[in-house]
Amino acid sequence: MLKEYLTVSSISGPLVVVEKTTDVKYAELVEVEFSEGSIRRGKVLESSSDKALVQMFEGTIGLDVVSARVRFLGKTQELGVSPDLVGRVFDGAGRPRDNGPAIIAKKYMDINGNPINPEARAYPQEFIQTGISTIDGMNPLVRGQKLPIFSAAGLPHGHIAAQIARQAKVLGKQESFAVVFGAMGITFEEADFFMRDFRDTGAIERSVLFINLANDPAVERISTPRLALTAAEYLAFDLDMHVLVILIDMTFYCESLREVSAARKEIPGRRGYPGYLYTDLATIYERAGRIKDKKGSITLLPVLTMPDDDKTHPIPDLTGYITEGQIILSRELHRKGIYPPVDVLPSLSRLKDKGIGKDKTREDHSDVLNQLFACYAKGKEARELAVILGEAALSDVDKLYLKFADTFEDKFVRQDRNENRSITQTLDMGWEIMRLIPKEELKRVREEYLNKYYSK
Amino acid sequence: MKKEAKIIKVSGPLVIASGCAGSKMYDIVRVSEKKLIGEIIELKNDLAYIQVYEETAGIGPGEPIYLTNEPLTVELGPGLISSIYDGIQRPLNVIRQASGDFIPRGVDISALDYNKRWHFKPIAREGQDVVSGDILGVVQETPLLEHKIMVAPNIKGKLVEIREGDFSVRDTVAKVKTESGIKEINLIQRWPVRRPRPAKEKFAPLEPLTTGQRVIDTFFPIAKGGTACIPGPFGSGKTVVLHEFAKWSDAQIVVYVGCGERGNEIADLLLSFPELKDPRSGRPLLERTVVIANTSNMPVAAREASIYTGITIAEYFRDMGYSVALMADSTSRWAEALREISGRLEEMPGEEGYPAYLSSRLAEFYERAGKVVCLGNNNRSGALSIMGAVSPPGGDLSDPVVQATLRVVKVFWGLDDKLANARHFPAINWLLSYSLYHDNLEEFLGKNIHDDFTRLRKEAMRLLEEESQLLEIARLVGIESLTFFDRLILEAAKSIREDFLHQNAFHEVDTYTSLAKQYRMLKIILEFYDLSREKLKEGADFDKIAKLPIREKISRLKYISEDKLVEFDTIENELRRSYA
């Protein structure tokens, strides 16, 4: 029989202080019975010898000091996992949302997980073809990588994430593959778009969805990505599946974290976000990866919206410091009607070098990538110059680069929402556009490849 | 009766315990039955504030605290090299063998392998008087490294016994008769990480620490025993640059501290280092490397300790008389760990929530670098150089960690977003960066490379600076309105940028350039400028000069491998003939 406390002394935001407690452990799970009989859950944030600070997951509306009954469950937050997870939809706290039965758990896993031993990590080096040229060609994704999409309000990040989930595959291999989808604070319509897309394409059969909508309790969002990643770890490292985890939208997650931190009256870091935001985000993002001698892998694709399109805002900034690159979307390209509006220059994939090249994609991939970057950068410079001085004032070479930039955006970047380009198509298209530039200008490409591909 | 030490409060990594009277600051304690490792960071009467190096979920008030009455120490001895440790020197490979792919809590594993036997060869003789730092004998730890067994600091006396043979690190190999009795000496030294290891004397560093990176060795060099920092926004290539240092710098020992950074980067290091060969000895680079890996998802308090663990190991090798380089990636994460703990202690914050003692802690850390005369009678010298990455939020250099770092380091390699976006790597901005070692190193470079080296560097730097001004003018009035002499400067500066400064870390030849090759490359590029300028004066056509076919060859100079430097002669001759 669990001890029940009737000693709640204060409630402030999502935080509840319980007095006269004994034997309460840090991070322990808590059940609180409201006066109207409903039961909500929370966890211990701070435990002293005679009182405990509890953070409620589902808000404190309707809770009172006098009649609340608090029980400490003696365990930390866990997720019951089994192969039946696949194909199901849960809410942000891990309860079924699809009217299906509860999961009969094969085992329970602590949702905070343990850090992967760096010594046990296998370096990600299998190229994933997403069918999107700006990603495959310029910022290749590899298995076990964490590559966020930096978006902003009004940009089609949802479509891009769905397209990647639909098209992603490893070249020449048939292996069991799953998508884990964690939604934090997105609207019903966005969530509905994903669910419909997953259903229409049959992707739902191999997906697990954890959905916390904008009108669900904000504090619940703090567990949602952890539940999703715990499910992913089980599928990847117990069931040998290759798991793609999409977390959307990390900005709302961070805001919930700030809410709890503010309620605790902690000293804030930048823009009111807690000083441990980096560490907290790292415990989420770093759960992606591959492990030596294990078949499965976790590839993580978090999506976040940059407040006011600002890359230096703490959320994108700290994310960029943890993840292995970033795909940045550009409002300018979006206005021009280009989909996907991937801004190639500031985007980056850090793990590309070991994932591309001979036997993986194509021998010339790395050189083509570097050269396209350099040319596009020069083209954009020329465009800026043309705005100031007029196009007529450009030198002949600059005019070529300007034309290159326009063609690059129109042909290479732009593609249809259902267009699935193979990596060979992407690279060939790269060469086609590079032919606009004279051969001696292409300094980033090795001579042998110039001879082989340039004059084709 | 002595009161038992007990937990009274748990808040994340901070645990408060009562009944700890008599404990000292920075003593190590074991927390709860799980034996989590913690360190005392504040004392109030019999209360101790403990930062715990492991996750504290499931720990609660009332549980016991075990006092060890010892500060956080590292074990120093044969077996360090090629190891990979977490922030408090627990070997990660042994943890993996013992407990699987994920790191559990409360693991207690010794840092050195106590069973492995090493061959100890004495150098000192029985009957000899020895003092701290004297070398008793050596262990050939790897083909690259002779591990010197030294008399620990604070021991002085007559060597009464010394034996040759195969020993494990805990076996006694020598006995010293001191004033306080006979001291047995084995192969291990223990040293508290927060206290710098002593040396006889420090002096100014006069030799360059070459890194094989052209922009650094030529333009912004660091000295052996010097300090440098490399701040930059994410994606500007900090880690790649630090990895390049770890690979190619001509230090004898490299200590790489991955402090709160990505797990996959450590995996990359561990994957590539056994395969990469040291350009001087041809042996795998791992044979001279120690890795400390406390990735961002590992406990934050251990991250704070990892920097000290790393530097103490580095100092130990410096004491043997080696040149050691320590790379810390990233000191910002270390500072954040400091901030997090400080916040939990409810200390009054300084700038941006960082504790007020941030800059003094940083200064203490960087001051542990230096060129020194080691303890011991033979007056050998050792050097410890520190290169620290800094990750300022949004790349903003006014960040308190950057500012505090710049006050103590001598070299600043400023990474630039714009260069990185244009895929100009290493993205070190030549107008922003500086090195205060130029004067120290001038004599060495003149003697060992060429008298002309310093002049060439200054000339190249002048061209780059003029370029930035000319480009500004060109942006306003158009490039056509510049004189041909100015346009030649632009061409030459472009060549310096693209053909010299730009360096591809992933190209098999380009990744490393010796000083000799750097000199020859720069010489040809500047000779092109000088000759062209002469010809322009004589009335030659500018466009013809700008399009000389030799320039194509100049742009490929970087791909000439180190064993074929004679090719430079051919190209030099060709260049001179080009104007005929």
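Against which strands do the buried residues of H1(B) pack? The model is predicted; local features need pLDDT of at least 70, side-chain atom pairs count only at pLDDT 80 or more, and totals for chains, interfaces and linings use all residues. Residues are numbered from 1 along each chain as its sequence is written, chains are lettered from A and ligands numbered from 1 in the order written, and side-chain values use heavy atoms, without hydrogens or water.

Helix H1 of chain B spans residues 92–99. Helices (H or I, at least four residues) and strands (E, at least two) are DSSP runs, numbered from the N terminus. Leu92(B), Ile95(B) and Arg96(B) are buried. Buried means under 20% relative accessible area, exposed over 50%, and partly exposed in between (1.4 Å probe, protein chains only). Down the axis of H1(B), the buried residues fall within an arc of 100 degrees, so they line one face of the helix. The arc is that of the directions from the helix axis to the C-beta atoms. These residues pack against strand S8 (84–85) and strand S21 (289–294) of chain B. Contact means heavy atoms within 4.5 Å. The face turned away from the buried side carries exposed Gln97(B) and Ala98(B). Gly100(B) follows H1(B), and its phi is positive, near 90 degrees.

Chain A has 13 helices and 22 strands. Of its 456 residues, 61% are buried. The C-alpha atoms of chain A fill a box of roughly 80 × 50 × 40 Å along the principal axes. Among contacts in chain A between residues at least 6 apart in sequence, 73% join residues at least 24 apart.
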